[in-house]
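Please read this note with the sequence and the structure side by side. The points go from the sheets to the core, and then to single residues.

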Amino acid sequence: MAADWLTSQSIRGFVKLGRVQAQRTDQQHYVVLDRRRDLVTLLDPEMHPLRQEKLPSSVQIVLESNLDLASISIAPSGMVRGDTVRLRGRTGELEVTLQ
C-alpha cells in the first residue's frame, strides 16, 4: 500500500480518537498537523499531547495556507472543523476526508 494512503488512515485515526476523547470528557480536542516537522499530534483541551506520530519521509502534508501548522478541532458533539488536508506522496496527492 502507498505510504500516503496509510498516512491518511493514521490522520483519520487521530481524528477518531480525538472524537472519542472529546465526547468522553465533554471538552474540545485538537489534531495539529506540523508540516515543517512532519508530525501529527492529538492535543487535549489544555494543549497537552495525548498522541503523536512522525509521518514517513516519503509523505508531505499539503495545506491550503502557507502556514506550517494546521489545526483540526473536534467538538464534544463529534463535529470536526478544519482546513482541507492533502498528502503528497510518490503516487501523487490524496485528500484526507475527516468526517
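1. Start with the open sheet of five strands. Its order is β3-β2-β1-β5-β6, and the pairing is antiparallel. Strands are DSSP runs of type E with at least two residues, helices are runs of type H or I with at least four, and both are numbered from the N terminus. Two strands pair if DSSP finds at least two bridges between them. The edge strands are β3 (49–54) and β6 (80–82), and each of these pairs on one side only. From one strand to the next, the twist averages 15°.

2. A word on the model. This is a predicted model, where local features need pLDDT of at least 70 and side-chain atom pairs count only at pLDDT 80 or more, while totals for chains, interfaces and linings use all residues. Residues are numbered from 1 along each chain as its sequence is written, and side-chain values use heavy atoms, with hydrogens and water left out.

3. β5 and β6 are paired over three bridges, in the antiparallel sense. I72 has G82 of β6 as its bridge partner. In a regular strand, side chains alternate between the two faces of the sheet.

4. Now the other open sheet. Three strands form it, in the order β4-β7-β8, again with antiparallel pairing. β4 and β8 stand at the edges with a single partner strand each, so one side of each has no neighbour in the sheet. On average, neighbouring strands here are turned by 35° against each other, direction ignored.

5. What joins β7 to β8? A hairpin does, through two residues. The two strands pair over five bridges in the antiparallel sense, with β8 covering residues 92–96.

6. α1 lies across β7 and β8 and runs at about 15° to β8. For such angles, axes are lines fitted to C-alpha atoms, for helices over the stretch in contact; angles run from 0 to 180 degrees between N-to-C directions.

7. Next, the core. A nonpolar core is a set of buried Ala, Val, Leu, Ile, Met, Phe, Trp, Tyr and Cys residues joined through side-chain atoms within 4.5 Å. Buried means under 20% relative accessible area, exposed means over 50%, and partly exposed lies in between (1.4 Å probe, protein chains only). The largest nonpolar core has 20 residues, and I11, V31, L33, V40, I72 and L98 touch the most other members. Two or more residues each come from α1 (3–25), β1 (29–34), β2 (39–43), β4 (60–63), β5 (69–74) and β7 (85–89). α1 gives the largest share, four residues.

8. Which residues does L33 contact? Beyond its neighbours within four places in sequence, L33 is in contact with I11, L39, V40, I61, D68, L69, A70, I72 and V85. Contact means heavy atoms within 4.5 Å.

9. Is T7 buried or exposed? T7 sits in helix α1. Its relative accessibility is 4%, so T7 counts as buried. Leaving out residues up to four places away in sequence, T7 touches L55, P56, V59 and L87.

10. Move on to Q28, in the loop between α1 and β1. Q28 has a relative accessible area of 29%, so this residue is partly exposed. Not counting residues up to four places away in sequence, Q28 touches D44, P45, S73, I74, A75 and P76. The side chains of Q28 and S73 are joined by a polar contact of 3.5 Å. A polar contact is a pair of N or O atoms within 3.5 Å; within protein, one must be able to donate a hydrogen and the other to accept it, and residues adjacent in sequence count only if both atoms are side-chain atoms. V96 is 68 residues from Q28 along the chain, and their C-alpha atoms are separated by 21 Å.

11. Finally, check two backbone angles. D26 has phi near 60°, a positive value in a residue other than glycine. D26 is in the loop between α1 and β1, and counts as exposed at 59% relative accessibility. M47 has phi near 70°, also a positive value in a residue other than glycine. M47 lies in the loop between β2 and β3, and is partly exposed, with a relative accessible area of 45%.
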